[in-house]
Amino acid sequence: MSIPQSFIQELLSRIDVVDIVGKYVQLKKGGANFMGLCPFHGEKSPSFSVSPTKQFFHCFGCGKNGNAIGFLMEHAGMTFVEAVKDLAQQTGMQVPEEQQSPEDRARAAAAKAKQDSLSDVLEKAGEAYRDQLKITPRAVDYLKGRGLSGQIAKRFGMGYAPEGWRSLASIFPKYDDPLLAESGLVIVNEEDDKRYDRFRDRIMFPIRNIKGECIGFGGRVIGSGTPKYLNSPETPVFHKGRELYGLYEAREALHSAGYVLVTEGYMDVVALAQLGFANAVATLGTACTPDHVQKLFRFTDAVVFSFDGDGAGRRAARKALDGALPYATDVRSIKFLFLPAEHDPDSYVRAFGQDAFAEQIKQAMPLSRFLIEAASVDCDLQTAEGRARLSSQARPLWQLLPEGALKQQLLSELAQLIQLETAGLERLWGQQAATDQRFAPGARSAAPSPQNTPSAFNQAAASSDEYPNYEPHYGEPSAWAGAGGHGQIPEPGGGYGAYGAPGGYANPGASGNNWPRKNPNWTPNSKFGNSRYKREQPPVYTGPRTVPASRADHAARLLLGNMALWETLAGEDHAMLCALPAPHGPLFAWLESQFHEQGALGWSTLQTEMQSQPFAQEAQHWMSQDKLNPVAGSEDATPPDPQEARQELRGLLNLLMIDRLQQLKNKALVQHQSGEDPDALQRYSSLDKRWRELKAAAALAAVQ
């Protein structure tokens, strides 16, 4: 959103920067100003000054300076809009929202009220869990056995959920309050409406947002129960793909240490904080996403991913690489630390000491080296085939990098390993990107040639998007629409064909007429017969399969039917799928968490696991139309080839990515115009370049 400059000036005139900074830094009066230890770098003598007359802060040690908004952005990791809203709330001012309709403002206000109510419920539950920990010797003994002190447990707000099925009923008099279910604290059985606590007999880790508000919980079982770790579900205030455990507690340590250490679990974060590494955070039962990385870079320019040395740790690091690549600019440092297979960060520090672990961090593998290592898996570089495989595996990783010196250097290094000239490798990858689009599902849909379309249509098309959005309509024949105006160009993500009505083209000759189509299988520009049209060959029969209504439906069916495909996707793909609107986004987020916790599951198992999920009915509807549930007489149909399914899914994701990149471009442009993010313009340029490449490849594939 765009906030008027006049409002920002009025806001800054009403607040006192000393009060804002004083909530985070201990200040003492020193002459006309206030002094304290700088929160942005480690120091022993105060060089951080806050001026009440100039309403400005400045550090004479590291050079950081700015007003109250800048302080919240630098220290609390808020965006520009978040900082303005936070300050406005403190002063009772209403942020202008001219761009929103009254209905949108009402919905936003209702959503904000719901979030506040959920946060209050979660805070109350967290307090109850902390009280239970104090009176449960078994839970206290467990924490002591893990080497944790009472002080560190208090710092992270740790607690204990009792064994009973309805323990929260004693905390919340209205156990049937819908907020308890919406917050994820209570599970409701839809069949008999019975309710019970989600967390039972578990050590509780409250998950806090950057403001310190409780937004969810993680529970670690005591004993041998399963699952070992249980997280709150997705709620209006909690999104696993965006939040990081321990980030709120680690803020100041990030500035003093100069880097953030990303680990795999709650216990790693808490144990490392006690052992002298308070700058550790953890993902929440899911792979590291681009949203996670972007949030980390609000606090520091150096990230070290620390994973176990076993196979699971390597896979987690591979996902983190995908998420980190889009943000690997030339001024940032991203490294990967792999400990011996028998150690996690906690055990390594206890076995070898802080200095040894710190040395391991210094020697961590740079992103550039890990990218080459990941791309070189199963590649024999002594053979032409092995080098070709390296080229194929390196291309999608290299393309995720933003423009800059690092990207160019990696191109040169990869070219040397593949034994091609740098320019030749870049040209080859461009051709391969076009080929991927050419063979993507629905890529054969062709647009009518310019010479056979009216000038008015050409003018309308010329003024639209440079590359129209090609939507695959699986199983639908190409058709001339019987209605619609000239040059009707769809918005990104719309359900239209390349040039107009769903599945085909706008009527090129009608002038206010809605003449009916004679046959849906006629195709323009035929060279055969005495007509301009020829009959298109019917599509190849591929088995008893009902066509999905959208790309997202189709992607969901492919992943639900072959969950192992999830392992082949990049972190960018995961983030894009999970960001889709309901029911698809929540389904993909849930599917990712299931894959992370249990591996690839069959559809029958998934169907049982998702019974209580809001998207269960849609998922079952999609799958009931798939080959996995054959109709009578089709039981002997050949099952889909895994490689074919992988290619089909890749094509779908590429098309979805075009729409996603457009959304990210719009967001970056707004952030640049508002001054919210100094890197927004560079990010916009990188996104725009890739968007144009994908659109060009899609357009080229569609006309060939």
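Guide: Start with Arg298, which sits in the loop between α11 (290-296) and β14 (302-307). Helices (H or I, at least four residues) and strands (E, at least two) are DSSP runs, numbered from the N terminus. This is a predicted model, in which local features need pLDDT of at least 70 and side-chain atom pairs count only at pLDDT 80 or more, while totals for chains, interfaces and linings use all residues. Residues are numbered from 1 along each chain as its sequence is written, and side-chain values use heavy atoms, with hydrogens and water left out.

Visitor: Why is Arg298 called partly exposed?

Guide: Buried means under 20% relative accessible area, exposed over 50%, and partly exposed in between (1.4 Å probe, protein chains only). Arg298 has 29% relative accessibility, so it counts as partly exposed.

Visitor: What does Arg298 touch, residues up to four places away in sequence aside?

Guide: Arg298 touches Met73, Glu74, Gly77, Met78, Thr79 and Glu82. Contact here means heavy atoms within 4.5 Å. The C-alpha atoms of Arg298 and Ala76 are separated by 8.6 Å, and these two residues are 222 residues apart along the chain.

Visitor: What makes Lys64 and Glu74 a salt bridge?

Guide: A salt bridge is a side-chain nitrogen of Lys or Arg within 4 Å of a carboxyl oxygen of Asp or Glu. The closest N and O atoms of Lys64 and Glu74 are 3.0 Å apart, and the pair forms a salt bridge. It links distant parts of the chain, with Lys64 in the loop between β4 (56-59) and β5 (65-66) and Glu74 in helix α3 (residues 68-75), 10 residues apart. Lys64 counts as partly exposed because its relative accessibility is 32%, and Glu74 is partly exposed with a relative accessible area of 32%.

Visitor: How many salt bridges does the structure hold?

Guide: The structure holds 14 salt bridges. Side chains of opposite charge can pair when their charged atoms come close.

Visitor: How do you know that Arg314 and Glu373 form one?

Guide: The closest N and O atoms of Arg314 and Glu373 are 2.5 Å apart, and the pair forms a salt bridge. This pair links distant parts of the chain: Arg314 belongs to helix α12 (residues 311-324) and Glu373 to helix α15 (residues 367-375), 59 residues apart. Arg314 has a relative accessible area of 34%, so it is partly exposed. Glu373, with 30%, is partly exposed.

Visitor: Why is Cys38 called buried?

Guide: Cys38 has 6% relative accessibility, so it counts as buried. Cys38 lies in the loop between β2 (33-36) and β3 (48-51). Not counting residues up to four places away in sequence, Cys38 touches Glu43, Phe48, Cys59 and Cys62.

Visitor: Which residues have a positive phi without being glycine?

Guide: Among them is Asp378, with phi near 65°. Asp378 lies in the loop between α15 and α16 (384-400), and it counts as exposed because its relative accessibility is 63%. Gln419 also has a positive phi, of about 65°. Gln419 lies in the loop between α17 (405-418) and α18 (422-438), and at 55% relative accessibility it counts as exposed.

Visitor: Where is there a cis peptide bond?

Guide: A cis peptide bond joins Ala582 and Pro583, with omega about 5°. Pro583 is in the loop between α21 (571-578) and α22 (584-598).

Visitor: What can be said of the chain as a whole?

Guide: The chain has 26 helices and 20 strands. Of its 704 residues, 47% count as buried. Among contacts between residues at least 6 apart in sequence, 64% join residues at least 24 apart.
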